[in-house]
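Subject: Handing over the structure

Hi there,

Here is the structure I promised to send over.

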Amino acid sequence: MRNIDLKGLLTKIREEGPLVHNITNYVVMNFTANTLLAMGASPVMAHAPNEVEEMVSLARALVINIGTLSDPWIDAMFLAGKKANSNGVPVVFDPVGSGATSLRTDTTRRIVRDLKLTVVRGNASEILSIASSGTVTKGVDSLHDVEQVAEMAKSTAKEINSVVAVTGKVDLITDGTRVIRCSNGHPMMGKVTGTGCAATATIAAFAAVTPDAMEAAAAGLAFFGLAGEMAAARAQAPGSFMIAMIDALYAMSPGDFQKRALLEKG
Amino acid sequence: MRNIDLKGLLTKIREEGPLVHNITNYVVMNFTANTLLAMGASPVMAHAPNEVEEMVSLARALVINIGTLSDPWIDAMFLAGKKANSNGVPVVFDPVGSGATSLRTDTTRRIVRDLKLTVVRGNASEILSIASSGTVTKGVDSLHDVEQVAEMAKSTAKEINSVVAVTGKVDLITDGTRVIRCSNGHPMMGKVTGTGCAATATIAAFAAVTPDAMEAAAAGLAFFGLAGEMAAARAQAPGSFMIAMIDALYAMSPGDFQKRALLEKG
Amino acid sequence: MRNIDLKGLLTKIREEGPLVHNITNYVVMNFTANTLLAMGASPVMAHAPNEVEEMVSLARALVINIGTLSDPWIDAMFLAGKKANSNGVPVVFDPVGSGATSLRTDTTRRIVRDLKLTVVRGNASEILSIASSGTVTKGVDSLHDVEQVAEMAKSTAKEINSVVAVTGKVDLITDGTRVIRCSNGHPMMGKVTGTGCAATATIAAFAAVTPDAMEAAAAGLAFFGLAGEMAAARAQAPGSFMIAMIDALYAMSPGDFQKRALLEKG
């Protein structure tokens with residue numbers, strides 16, 4: 001796809017080092033912070049209800065991730081999210097494990113209802129859990145192929161008025177009308193904890209430098225997936241692979257990114 | 001030891017990818033999740049009192065680890081542990097630092113009293129702190145050799161009605177009557193944070209695929225120790241060693257595991 | 001500078017393995033623990049208000065780091081800090097993000113007022129935020145060169161009666177009168193999360209083996225910076241660099257440390 005200036009967006013991140021505020025889970029905080037630093041953004045983690053509004057006011061994007069959820073953190077997510085909304089700061093949401101427990105599903109549904117989200121990124125089962133009850137009862141088994149996932153993603157995007165990114169073998173990005181597919185990535189990414197969460201943070205870094213949410217989601221997933229491909233060329237097991245991914249996020253040139261991103265409409 | 005089908009157990013983990021629910025400490029969450037993923041299991045971390053019962057109901061094993069303890073987490077440990085007990089889900093317990101502070105020692109004693117544990121893994125001083133007061137007053141200095149450690153472990157296992165695994169130069173696994181010794185491992189493991197905690201999680205992954213707790217503990221420690229040996233052949237310092245360990249957990253074949261495990265009775 | 005026995009201090013850490021109690025942020029706990037282990041110290045993380053006094057009583061140094069602050073953790077910081085003060089245990093403080101939000105700035109000012117600190121380590125903007133209001137209103141932009149930073153650090157050190165270490169291109173260590181400059185380090189350290197926090201923990205490990213706070217701060221920053229230089233000789237991107245840093249902290253000989261430390265008075 002020629003019409004996203006991937007080279008320009010990555011250059012902008014590296015020049016401006018946008019502050020990305022993360023309210024994320026304990027497991028992936030370190031990997032997420034290193035992902036953002038390596039790609040050129042500036043991470044900050046803050047979760048206290050009496051701090052997050054002030055922190056997000058300094059930031060150019062907010063990540064909300066429910067991977068290790070508890071009630072005080074939910075309060076902070078809403079305080080930060082509402083402040084981000086009123087300040088025009090993009091909010092990128094990762095509904096980790098939504099559908100698995102009622103705490104996660106209920107929190108996810110409250111978040112998509114009460115906050116204005118820029119992008120929601122999850123796997124097919126997490127995105128499916130967001131939609132209104134009719135769809136949910138069908139379950140993930142109803143998603144037999146990529147076309148059915150695309151239909152589900154489109155209707156969810158319309159319902160929640162946000163760009164939805166469903167990651168899998170091929171990633172789908174949709175605003176409810178348009179669809180972009182991203183084919184970058186590598187299976188070894190599934191063997192490293194936090195790659196999904198870090199992909200979400202990558203989207204947030206791009207959302208900090210472009211107002212176009214479709215563009216930000218597509219650029220983030222292509223960038224992160226391409227780093228996975230570059231890592232797989234150097235490492236054959238998940239420990240050295242995750243280190244090689246951080247290296248690739250840092251070393252990838254804007255020109256290479258533009259050339260090797262596998263994005264297509266439809 | 002010929003009578004544990006180590007090859008079959010590892011193959012089963014890789015085929016079935018059992019979900020292991022971890023309530024563990026902040027320091028080791030990332031390394032533990034990557035350990036479980038690399039070996040073929042599926043990790044989840046969840047600690048909210050209003051979520052853990054539902055989460056553990058989806059899991060095939062539960063890890064309780066008190067490495068960064070606080071009161072709300074203790075509540076969650078008991079809620080998850082009791083649910084696991086009533087569902088027949090194995091519970092593997094790591095009493096990190098028990099004996100060092102009264103919060104840890106008291107919590108450990110409540111856990112061994114109120115929950116049915118499958119395996120408890122710790123170093124000699126942690127295991128010693130579990131037993132009733134008579135033994136404790138003797139202190140770790142009373143453990144002059146491996147035979148005394150074995151006697152202490154056996155009496156503790158009988159008292160708490162759980163398999164006890166004491167890790168050290170040689171690991172001892174006992175149900176109070178039988179004893180298995182494991183000689184796999186490498187001194188560099190002591191220079192990487194969370195290797196003990198990850199060994200505990202490894203035991204839980206094996207407990208998810210065999211009902212025999214002695215087998216699960218022996219297999220877990222042999223597997224994790226052997227990964228340490230394989231890592232030491234590639235790396236001479238702890239940073240590259242920990243990455244090489246994750247690689248080895250992924251790369252080790254079931255056949256190599258069976259061949260190189262150093263387990264003996266007695 | 002010939003008059004700090006760097007070789008002797010590092011040898012002492014490796015021989016004695018002093019316990020360093022960390023109340024630090026979620027993002028860096030793993031990297032901090034691995035830093036301390038690799039250099040030869042013994043890390044423990046504990047944050048529960050009902051445990052920290054007992055834990056710090058076992059330790060030879062305490063690290064307080066406000067990187068992911070919340071109210072219950074603030075309580076624990078004061079409980080541990082006061083106990084450390086009454087026991088004569090050195091307290092090393094890292095005011096992460098002070099100046100960015102009022103929760104962090106206010107907590108920092110309470111800590112420097114109510115606890116006796118051995119060393120405070122931060123970047124210029126964090127250290128500037130500590131001082132009384134007159135100085136603060138000038139802002140970081142008033143610090144045009146290294147001499148102005150030195151003056152600000154000296155007056156802050158006097159005001160709070162602690163050694164202050166300002167890290168940057170050149171690190172400055174001062175007790176308000178004397179100044180030591182450290183030129184070790186590498187720009188890639190800024191691309192890895194938690195290097196500042198780990199440098200603070202390194203200072204604490206040295207404070208555990210010498211009563212001279214200037215010496216401990218200078219030794220810690222030279223040691224950690226030199227590990228960065230050694231890592232940069234092996235790795236050109238931040239993932240492999242952070243692993244090479246852990247390796248270097250372990251592999252560096254006391255003799256090399258003495259020889260390659262770049263410390264000068266004035």
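Predicted model: local features only at pLDDT ≥ 70, side-chain atom pairs only at ≥ 80, totals over all residues.

Strand 6 of chain B covers residues 163–166 and strand 7 of chain B covers residues 171–174, and the two pair in the antiparallel sense over 3 bridges. Zooming out, chain B has an open sheet of 9 strands, with mixed pairing and the order 2-1-3-4-5-6-7-8-9. Which strands stand at its edges? They are strand 2 and strand 9 (263–265) of chain B; each has a single partner strand, so one side of each is left without a neighbour in the sheet. From one strand to the next, the twist averages 20°.

Helices pack on this sheet too. Helix 2 of chain B touches strand 1 (19–23) and strand 2 of chain B, and its direction makes about 155° with that of strand 2 of chain B. Helix 8 of chain B, residues 146–160, lies across strand 5 (119–122), strand 6, strand 7 and strand 8 (179–182) of chain B. Relative to strand 7 of chain B, helix 8 of chain B runs at about 35°.

For a helix pair, I turned to chain A. There, helix 9 (residues 195–207) and helix 10 (residues 213–232) pack at an angle of about 135°, and their axes are 8 Å apart. That makes helix 9 of chain A oblique to helix 10 of chain A. The crossing of these two helices of chain A is right-handed. On the helix 9 side of chain A, the residues that meet helix 10 are A198(A), A199(A), T202(A), I203(A), F206(A) and A207(A). Their counterparts in helix 10 of chain A include A213(A), G220(A), L221(A), F223(A) and F224(A). Sorted by class, this contact between helix 9 and helix 10 of chain A has 12 nonpolar, 2 polar and no charged residues.

Now to how the chains sit together. Chain B is superposed on chain A by a rotation of 120° with 0.0 Å of shift along its axis, at an RMSD of 0.0 Å. The two copies are thus related as by a three-fold rotation axis. Which C-alpha of chain B is nearest the axis? It is that of Y26(B), 3.8 Å from the axis. The copies use different surfaces, with 12% of the contact residues of chain B recurring in chain A.

In that interface, 24 residues of chain B are in contact with 20 residues of chain A. On the side of chain B that touches chain A, the elements giving two or more residues are helix 2 (29–39), strand 2 (42–45), helix 3 (52–58) and helix 11 (238–251) of chain B. Helix 11 of chain B gives the most to this side, with 7 residues. By class, this side of chain B divides into 17 nonpolar, 4 polar and 3 charged residues.

Chain A also meets chain C, in a contact that takes 24 residues from chain A and 20 residues from chain C. Helix 11 of chain A gives the most to the side of chain A that touches chain C, with 7 residues. That side of chain A has 17 nonpolar, 4 polar and 3 charged residues.

Enjoy exploring it!

Best wishes

Notes: Residues numbered from 1 in each chain as written. Chains lettered and ligands numbered in written order. Contact = placed C-beta atoms within 7 Å. Helix = DSSP H or I, 4+ residues; strand = E, 2+ residues; numbered from the N terminus. Nonpolar A, V, L, I, M, F, W, Y, C, P; charged D, E, K, R; others polar. Least-squares fit on C-alpha atoms with pLDDT ≥ 70 in both. Pairing = 2+ DSSP bridges. Axes fitted to C-alpha atoms, helices over the stretch in contact; angles between N-to-C directions. Parallel < 35°, antiparallel > 145°, perpendicular 65-115°, else oblique. Left-handed = near helix turned anticlockwise from the far one by under 90°.
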